[in-house]
Amino acid sequence: TCELSLFTVTRWEGGEYMGNEQVDNTQQHTDDIYRIFVPIEDDALMKSLEVDENGDYIVQGVMTSDAMDEEDDSISPDGMDCSYFLEKGWIKYEHGNKPEQFIGEPLEVRVGQFEHPTTMKSVNGIFVKGRLFQQRELAQQAVRTITDLQKSQTKRRMGWSIEGNVKERNRKTGKIQKSVLRNVVLTMNPINTTTWAELAKSFERDHSLTIDMDEQGLDKALS
């Protein structure tokens with residue numbers, strides 16, 4: 001369902017806009033053809049998946065954290081150099097180096113505290129946002145998998161693994177204090193189980209209808 005609330009009336013004359021203002025229940029008495037812009041308030045549309053200008057899906061989530069992983073290792077988020085990743089790195093689908101596994105690229109990274117979407121626990125880690133190339137078959141497969149998990153009642157999520165180099169460890173604890181990130185990997189079997197991947201949703205996209213009608217049709221619409 002959709003709700004039509006407020007709309008804009010624009011008069012066309014000689015192929016150019018002659019005026020544009022917000023109206024509620026006040027009729028505009030002008031000539032020629034009216035163009036009515038109607039915003040659509042539809043929950044299903046407003047929660048549609050976010051895509052960029054190329055039609056690529058936007059994926060995001062915490063890719064690593066300082067939590068102990070399943071190999072009894074821990075990485076300091078503050079000590080991870082992400083510059084190579086942002087400039088030259090890739091988003092991959094599962095580990096491997098086959099060309100088809102390179103399915104996306106990063107857009108931004110942020111270090112901080114983030115809430116896990118299913119456990120609701122705070123995670124100290126690195127948040128990544130990137131785009132998945134829509135033409136890549138494995139990117140489409142990743143989108144379907146992430147979407148299915150987000151729609152289900154399960155607390156399981158596709159997660160991330162990271163590829164890079166260790167530069168420095170704490171001599172006492174063995175914790176990785178400095179590292180260089182090269183690629184991130186979308187995987188169903190993350191070593192660090194506090195990571196998660198999700199598809200960004202767009203709440204700002206313009207969902208509207210534009211209708212041309214004459215003055216008689218406008219009178220009926222406003223009545």
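Contact here means heavy atoms within 4.5 Å. With that cut-off, 69% of the contacts in the chain between residues at least 6 apart in sequence join residues at least 24 apart.

The model on screen is predicted, so local features need pLDDT of at least 70 and side-chain atom pairs count only at pLDDT 80 or more, while totals for chains, interfaces and linings use all residues. Residues are numbered from 1 along each chain as its sequence is written, and side-chain values use heavy atoms, with hydrogens and water left out.

**The whole chain**

Begin with a cartoon view, in which the chain has four helices and 14 strands; helices (H or I, at least four residues) and strands (E, at least two) are DSSP runs numbered from the N terminus.

Next select residues 159-169 and 176-187, which are strands β11 and β12, paired in the antiparallel sense over ten bridges; strands pair if DSSP finds at least two bridges between them. Arg169 has Ile176 of β12 as its bridge partner. The two strands form a hairpin with six residues between them, and in its turn Gly174 has a positive phi of about 80°.

**The nonpolar cores**

Now show side chains for Val59, Met63, Ile91, Ile103, Leu132, Trp160 and Leu186, which touch the most other members of the largest nonpolar core, a group of 26 residues. Such a core is a set of buried Ala, Val, Leu, Ile, Met, Phe, Trp, Tyr and Cys residues joined through side-chain atoms within 4.5 Å. At least two residues of this core come from each of β6 (57-65), β8 (91-93), β10 (122-132), α3 (137-151) and β12, and α3 gives the most, with six. A second, separate core of five residues can be found by selecting members including Phe114, Val123, Phe127 and Trp196.

**Helix α3**

Stay with α3, whose 15 residues reach 21 Å from the first C-alpha to the last, close to the 21 Å expected at 1.5 Å a residue; the expected span is 1.5 Å times one less than the number of residues. Colour Leu138, Ala139, Ala142, Val143, Ile146, Thr147 and Leu149, which are buried in this helix. An α-helix has 3.6 residues a turn, so residues three or four places apart point the same way. The buried residues of α3 pack against β6, β8, β9, β10, β12 and β13 (198-199).

**An aromatic pair**

Move to Trp90 and Phe102, an edge-to-face aromatic pair with 5.7 Å centre to centre and 85° between the planes. Rings of Phe, Tyr and Trp (its six-membered ring) pair if their centres lie within 6.5 Å, and planes under 30 degrees apart count as stacked, over 60 as edge-to-face and the rest as tilted. Trp90 lies in the loop between α2 (83-88) and β8 and Phe102 in strand β9, so the pair ties together parts that are twelve residues apart in sequence. Trp90 counts as partly exposed at 35% relative accessibility, whereas Phe102 is buried at 16%.

**Two loop residues**

Finish with Asp72, in the loop between β6 and β7 (80-81), which has a positive phi of about 60° although it is not a glycine; at 64% relative accessibility, Asp72 counts as exposed. Met120, in the loop between β9 (102-115) and β10, is not a glycine either and has a positive phi of about 60°.

Notes:
Buried means under 20% relative accessible area, exposed over 50%, partly exposed in between (1.4 Å probe, protein chains only).
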